[in-house]
Structure formats: C-alpha cells, structure tokens
Protein chains: 2
Amino acid sequence: MQGREREVGNFEILPTRCARCGLQELCLLCSMALQSGSQAEETIYSCRELKRAARLYRSGDAFNSIYFVRRGFFKTLKRRGDGRAQVTGFFMSGELLGMDGIAPNIYTCDAVALQDSEACVFSYVRLAEFSRRNESVQRQFHKAMGSEIERVQGLVALLGTRRAEERIALFLLNLSQRFAARGYSPSEFVLPMTRDDIGSYLGLTIETVSRMLAMFQGAGLIRVESRHIQIRDSAGLRQTAGWTHSTK
Amino acid sequence: MQGREREVGNFEILPTRCARCGLQELCLLCSMALQSGSQAEETIYSCRELKRAARLYRSGDAFNSIYFVRRGFFKTLKRRGDGRAQVTGFFMSGELLGMDGIAPNIYTCDAVALQDSEACVFSYVRLAEFSRRNESVQRQFHKAMGSEIERVQGLVALLGTRRAEERIALFLLNLSQRFAARGYSPSEFVLPMTRDDIGSYLGLTIETVSRMLAMFQGAGLIRVESRHIQIRDSAGLRQTAGWTHSTK
DNA sequence: CGCGCCTTTGAAGGAGCTCAATTTAGGTGG
DNA sequence: CCACCTAAATTGAGCTCCTTCAAAGGCGCG
C-alpha cells in the first residue's frame, strides 16, 4: 500500500514500447499501464532478446519473473534425473511463460528459444503488488495461471487417451489455430521445433512423428516439406483427430 | 475496498470449526481468519458433506468456488466428447480443488467423492477480494495455483516418458508420501479408487494395472489384497520407479 | 563444400491393449 | 446372517500399435 517511487527512467519507455507491440489485448503489462493511467508510474517492464537455442530461464533458477513472449517461439522442458527431458509446452507471441516457478519459488523447467525471440519480463513481486491494487489485473493474472492449468490438463488428456495419429493431428490443429489467432495463415506455416521436440511433447518417438506426417501426406490431409506444413484438408484432419472440437 | 458488512451469522462458526479442523497450516481460510484477527469478519466459509460418488462440481457448472478437502478423497475427471473420460487427479484432505474453473469461469472437470467426504467452500470472489488486501493470503493462493500447475506437469512427464511399471510404482510412492504427510502409515493404506480410476489416471488399462500390482507382489515389493496395499520394500519400489526422487 | 544434425524409411520386436472367461468383493434384501 | 446380485478385479491368449535398431538421405551452416 505504500507509495512506490516514480521511476523516471522508465517513464517514457513503457508506453512507447507497448504501443508498438501489437499484443495489447493479451498483455498483462499493457493492462497495467492502462489501469495506472498516463502516468504509467508502475513500470515493471523490461525486455530480453534471445538468439535461437538461448535459454530464457533454467530449471533451478530463482523465480523472479513471469515472461511474456513478444516475438518468436519458445519451448519449455522438464529435465529428468537421467539426462532425458520432456518438452512440456510450446509458447508463441502473446503467451506467458514461467508459471512453473510460482509454487516452488524456483523454475522447474527450462525455457528455450526456438527462434530468435523477444520476451517482456514481469517482476513477479511487482505484478503481485499491482494485482493487489487492481482487481482487473488480478483477474487477468489469475486467468493466466488458470489457462496454464487448463493447457497442461489438456495435454494430460491427450497423453492419457489418444493414439499417435490423433496426437499429431491435434497438435497440428492446435498450432494452426494459434497461428490463425495471430493473423497468420492457419493452413500454411513453418514448424519452429524439431521432430524430436514434437515427439517429446506428444510422448512419441521421432520416427513415429515422421511416419504419421508421411501418412497424413499420403492421405492428402497435409503437405509436408521438412518443417513447412500445409494443411490441405482440415476437416479430414479434425476427423483423424477424433473430432472432439480440435481446440485442445 | 468498500467495507463489507459483518455477517453475524457466521461470526462464531468460523473460528470454532477451523479450530477443530486440524489442517490449519494447509488452509487458506484459516490463514485468512488469522490475518483478519479475532474479528474474523471476512467469513467466506461454508462446508459441504458428500456421500461416496457424489459430485462436488460438474463440468460446465459456473465457477464460483475453490474447494478445500477437509475429510475424504476426491477424483477429478475430464469428460471427452465421446463418453470416455480421463481422471486428472486424486485429492485428499488438505488439498484444493476447482482451479480448473478459474480461466474459463466454468469448471471443466467433474469432481467426484471417492468416499464420504467433506469440503470447505471458498467463494472465489471473496478469496480474490481478501487476497487483494492481504499479501500473505495472496501469496498462498498463488502458490496453490502454482502447485496445481506443478502437479499436472508432473503427470505430463509421467505420461510422456514412463513405462507402465514405473507409472504404477510412482503412483504408489506418491500416495504413500501423501498419506505419511497426514500422519497415516506410509507403508500400509487402502486405495480409495478403483483400478479403473488408476488406469485412467496413468494412461493404462485396468488389466495392466492389475498385472503390474500382481508383478510387484510377486517380486516382494508390495502386498496387495484388493484395495489394501502394503509396501514391503520401498527402496525396491523406488528403484522400479526409476529412482528420480519418487516425490512426483 | 563438407560436416553435423535432422529427417526419412525399413524391418523386427515388444510393451501394453483387446477380447474373453472367471473369480472376488461389496452392497442389499430376505 | 446368508443368499443374491452387480460391480470390481484377476488372469490368460493373441494381436497391434508403437518402439527400437539400423541405414541412408537431406538440409543448413560454418
């Protein structure tokens, strides 16, 4: 509740940068900036650029920040005792990263850039502070955490009940939809991740991923050319996925 | 921020009931009661008793509450378009339920009592309100959501990388640990869920669950008698689980 | 242009599923 | 308290989907 000092250094930066971002409607920070009026005194903003394969955070790092993907593509992976690791998610622009660190207060995943990327950094402490003062920010933050719960539960359902064919189909449809929501083509896109990443994410081997994609191509559902994917029969793909809404 | 009217009807009930609960250190509500001092004017408490097989909430219900398991045992399950369903979690006393509803504002799972149970009902709105006024309640609530994320991510890792044998071993060790944390025997307990539930949760068939338990018994790791489980060689069981800490 | 990594494709094997038949347990009413 | 009935659990046999192992091809990048 105590007044926080105005940080003049950031005063200009915040609205300028956010104005150019194009993701206002998704962004917690922008919502905060709006809520706090033109003064924007509660700057909790900073930004990180990452080259492909760079890590945004690592398992074991102290949890201080939630990250907002401004540009690019990330994967998160959970390391296991024995060198093996499991990809637990793919994150594109407008999505939030780092919530795996909230409870244990250290991150328990690695977040790795799959392309050259840019992420906004939210101080968790200030985010919490702000959401105590502002109901709509609080609600938005809760929703972000809730969405992460939803997302992972959807993955559990996929891993628990779907066959390889369905998993791949659902994966493609999910990507397609997320691309579409960002104004890109839903029917033609480039996979930023390797077959290995996909396999790990879906609980399949790289060979199975490859074979299923080949099979889909053979059936005329898609066209594959290395990482370039074209969806030619999205209805057929949805059917292959087992119907049930394709939105997961 | 506006002052909420004191609700005299609940005035006495809260501290009395909570005092008898024995789960104070786990309970958001108690923490709130403590924080608000002896007045306890912010009663957001109510309690529901459920018979076995009764539903605490259903998929599609409006999201209003987070539930705290005071006594008994619950499972949550996600329905799929085609009658099939997947168990997404088991919850015992001291654990929170209902966070699947936060983002979509309706529940997306069913929560079913596996035994006669009792759950405290937290109004989400009042919880949010309270956590705006009180930093430690806020932190605790965030941690609860974070733990749920962690839990489900652990399940993803299990479903994505573990063999049947390991899944069952990890499942038993996880239960054992949670029973131990509640003062019950870690080496002898009764499973409140069916083999079907276990199979669904672990992405296995009922037959595989049954066979693995029989196998463990044959190896002298456990004793099984219907739902009664006795762990005879927890080190061996941990080894079967693939080491990696057994805490997941 | 050559090296490493990613990907594809094939063939064989196995872990877990499906189908089917019994046995057992738990709840109910006589 | 026992008999009954239904749901839950066990066990077996065969099969299948996916993995494992192996080898070759392709792409990107220094």
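## Conventions

Residues are numbered from 1 along each chain as its sequence is written, while chains are lettered from A and ligands numbered from 1 in the order in which they are written. Because the model is predicted, local features need pLDDT of at least 70 and side-chain atom pairs count only at pLDDT 80 or more, whereas totals for chains, interfaces and linings use all residues; side-chain values use heavy atoms, with hydrogens and water left out.

## Chain A as a whole

Chain A contains 9 helices and 11 strands. Helices (H or I, at least four residues) and strands (E, at least two) are DSSP runs, numbered from the N terminus. Of the 248 residues in chain A, 56% are buried. Here buried means under 20% relative accessible area, exposed means over 50%, and partly exposed lies in between (1.4 Å probe, protein chains only).

A contact requires heavy atoms within 4.5 Å. Among the contacts in chain A between residues at least 6 apart in sequence, 74% join residues at least 24 apart. The chain exposes about 10,800 Å², and carbon and sulfur atoms supply 49% of this area. Accessible areas come from the Shrake-Rupley method with a 1.4 Å probe; for residues, only the protein chains shown count as cover.

Ser200(A) belongs to helix α7 (residues 195–202) of chain A. Its relative accessibility is 19%, so Ser200(A) counts as buried. Not counting residues up to four places away in sequence, Ser200(A) touches Ala85(A), Gln86(A) and Val87(A). With Val87(A) there is a distance of 2.8 Å between the backbone nitrogen of Val87(A) and a polar atom of the Ser200(A) side chain. A polar contact is a pair of N or O atoms within 3.5 Å; within protein, one must be able to donate a hydrogen and the other to accept it, and residues adjacent in sequence count only if both atoms are side-chain atoms.

Gly203(A) is placed in the loop between α7 and α8 of chain A. With a relative accessible area of 27%, Gly203(A) is partly exposed. Leaving aside neighbours within four places in sequence, Gly203(A) is in contact with Leu159(A), Arg167(A) and Gly160(B). A polar backbone atom of Gly203(A) is also 3.4 Å from a phosphate oxygen of DNA strand D.

A residue is near a strand if one of its heavy atoms lies within 4 Å of it. There are 17 residues around DNA strand D, and Ala164(A), Thr208(A), Arg195(B), Ser210(B) and Arg211(B) come nearest. Of the atoms of DNA strand D that come within 4 Å of the protein, 67% belong to sugar and phosphate.

Thr208(A) places a polar side-chain atom 2.3 Å from a phosphate oxygen of DNA strand D. The elements giving two or more residues to the surface near DNA strand D are α8 (206–218) of chain A, together with α7 (195–202) and α8 (206–218) of chain B. By class, this surface has 4 nonpolar, 5 polar and 8 charged residues. Ala, Val, Leu, Ile, Met, Phe, Trp, Tyr, Cys and Pro count as nonpolar, Asp, Glu, Lys and Arg as charged, and the others, Gly among them, as polar.

Of the 17 residues around DNA strand C, the nearest are Arg195(A), Ser210(A), Ala164(B), Glu207(B) and Thr208(B). Sugar and phosphate make up 63% of the atoms of DNA strand C that come within 4 Å of the protein.

Arg211(B) has a polar side-chain atom 3.1 Å from a base oxygen of DNA strand C. Two or more residues each come from α7 and α8 of chain A and from α8 of chain B. The largest share, 5 residues, comes from α8(A).

## Aromatic rings

Rings of Phe, Tyr and Trp (its six-membered ring) pair if their centres lie within 6.5 Å; planes under 30 degrees apart count as stacked, over 60 as edge-to-face and the rest as tilted. The count comes to 23 aromatic pairs over all chains. In one pair, the rings of Tyr124(B) and Phe141(B) have centres 6.4 Å apart and planes at 55°, so the pair is tilted. Tyr124(B) lies in helix α4 (residues 124–133) and Phe141(B) in helix α5 (residues 135–161) of chain B, so the pair ties together parts that are 17 residues apart in sequence.

Tyr124(B) counts as buried at 7% relative accessibility, and Phe141(B) counts as buried at 0%. In chain A, one aromatic cluster is formed by Tyr57(A), Phe63(A), Tyr67(A), Tyr107(A), Tyr124(A) and Phe141(A).
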